[in-house]
Amino acid sequence: MFVLKNCSVEGCSSKSVAESGFCIEHCKDYGKISADIAKELTNESLFRARSFAHLNFEGLNFNDTEFINCSFSHCSFKDVNFSNSKFSLVFFDYSIHENVEFKECDFMNSVFAGSKINNSDFSGSEIVNTNFNGTEIENSNFSDSDLYLSRFVNSNLMKLDIVDCNLKRTDFSGSDRKQIKFKYSNIEEALFSKGQ
Amino acid sequence: MRLLMYYGYANRANTYIIGPENGGNAILIDPGRFEVPLLNMIENNNYYIESIILTHSHSSHSKGVNTTLKVYNSKIYAALGKVENIRTEMVSNREIRNISGFNVEFYEIPGHSNDCLVFKIGNLLFTGDIFNSGYLGTPLNAFAHNNMQKDIQERLLTLDGDTVVLPGHGPPSTILAEREINENLFNPVNISY
């Protein structure tokens, strides 16, 4: 399992940037660490038990990659392509996604809680038992996906295409939903309030 | 340390395996059913189930213990002395035990049932039905709910925000996400008894 180390500067309780041992404030090589990890993510096809937390990624292609027990917590992604990738127990909590491609991906037991997702594409994906609680998702596409058991509790959803999806036990309780297209999806099997 | 997560379709609950990176003696957590895909997951990763920890004795979390014991000679840890008619090694509040090479810190948090255990291994918090992604577990009654919520606030939500929450039902989460998002912590009146 990934480990989110604390900053090694005495008295600092912030979390480390990736596996550097230093938080953003004390990390002197942030640019180099970012570039090295971006290169590694672009070239390798399997990552297990790694932390990439607190990094910013822009204009990169990480498609066809498998991630197991990894953390992208508090990361920022802009114009990044993860298409055809697999994620098992991967944490994207409190991350920011702008124009990110997750087309035809497999997500199992993963976490996006507290994230902001805009103009992103999750279409044609298996998104099973994945946590989107408290997310703000706007202008994004989940069509042709399996969202079995995933949760969007207390999330703000706006202008989303959730067309022709499996929504069996997908939980939207407490969510604020505006301009959501559920056409051809089995919304009768989704949960919109607790106790359903 | 390696974490594997298995979802049992029959009991709609999560079972977890914690073991060393390259196989060996492992801990099985909440075997609600011991199904062939779970056995394959254990065997394909070269694990031997030396220990079983039960978060509580409800059948969706413990029914698979008997079958597990037909395959592995495991020691069972729980808050009750007997679960599914099998003797267990009882653990108690604030106790730290070394189980299959891992330090496990136990918290007794009754509320969903009288024998609920929450435990922490490294930065992983196994919450059973006390606390899961977006909700609190269904309490036994209003009194149990108040006590459970107080315990959660004082003992669990004070943990490091990046602590990974691994519930009995539903997807994983983090302490920070639960602190900020958990529906029942903000709307306790919504809980149905």
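1. In chain B, contacts between residues at least 6 apart in sequence include a share of 51% that join residues at least 24 apart. For chain A, residues 24 or more positions apart account for 7% of the contacts with a separation of 6 or more. These values, like those that follow, come from a predicted model.

2. The overall make-up of chain B is six helices and 16 strands. Its radius of gyration is 16 Å, close to the 16 Å that the globule rule gives for 193 residues, so chain B is as compact as a globular protein of that length. The C-alpha trace of chain B spans about 45 × 35 × 30 Å along its principal axes, and buried residues make up 52% of the 193 residues.

3. Chain A has one helix and twelve strands. Along the principal axes, the C-alpha atoms of chain A fill a box of roughly 55 × 35 × 25 Å. Of the 196 residues in this chain, 49% count as buried.

4. An open sheet of six strands in chain B deserves attention; its order is β9-β10-β11-β12-β15-β16, and the pairing is mixed. Strands β9 (96–99) and β16 of chain B stand at the edges with a single partner strand each, so one side of each is left without a neighbour in the sheet.

5. Within this sheet, β11(B) (residues 117–121) and β12(B) run antiparallel and are joined by three bridges. Lys120(B) stands opposite Leu125(B) of β12(B) in this pairing. On to the next pair: β12(B) (residues 124–128) and β15(B) run parallel, with four bridges between them. Here Leu124(B) has Val164(B) in β15(B) as its bridge partner.

6. How many bridges join β15(B) to β16(B)? There are two, and the strands run antiparallel. Val164(B) has Thr174(B) as its bridge partner in β16(B). The hairpin of β15(B) and β16(B) has five residues between the strands, and Gly170(B) takes a positive phi near 90° there.

7. Leaving aside residues up to four places away in sequence, Phe119(B) touches Ile53(B), Val104(B), Glu105(B), Phe106(B), Tyr107(B) and Phe126(B). As a general background, nonpolar side chains in soluble globular proteins tend to be buried together.

8. The contact between the chains takes 22 residues from chain B and 25 residues from chain A. On the side of chain B that touches chain A, the elements that give two or more residues are β1 (2–8), β16 and α5 (175–181) of chain B. The largest share, four residues, comes from β1(B). By class, this side of chain B has ten nonpolar, eight polar and four charged residues.

Note on methods:
Residues are numbered from 1 along each chain as its sequence is written. Chains are lettered from A and ligands numbered from 1 in the order in which they are written. This is a predicted model: local features need pLDDT of at least 70, side-chain atom pairs count only at pLDDT 80 or more; totals for chains, interfaces and linings use all residues. Two strands pair if DSSP finds at least two bridges between them. The radius of gyration is taken over C-alpha atoms; the globule rule is 2.2 Å times the number of residues to the power 0.38. A residue is buried if 20 or more other C-beta atoms lie within 10 Å of its own, exposed if 12 or fewer, and partly exposed in between; C-beta atoms are placed from the backbone. Two residues are in contact if their C-beta atoms, placed from the backbone, lie within 7 Å. Ala, Val, Leu, Ile, Met, Phe, Trp, Tyr, Cys and Pro count as nonpolar, Asp, Glu, Lys and Arg as charged, and the others, Gly among them, as polar.
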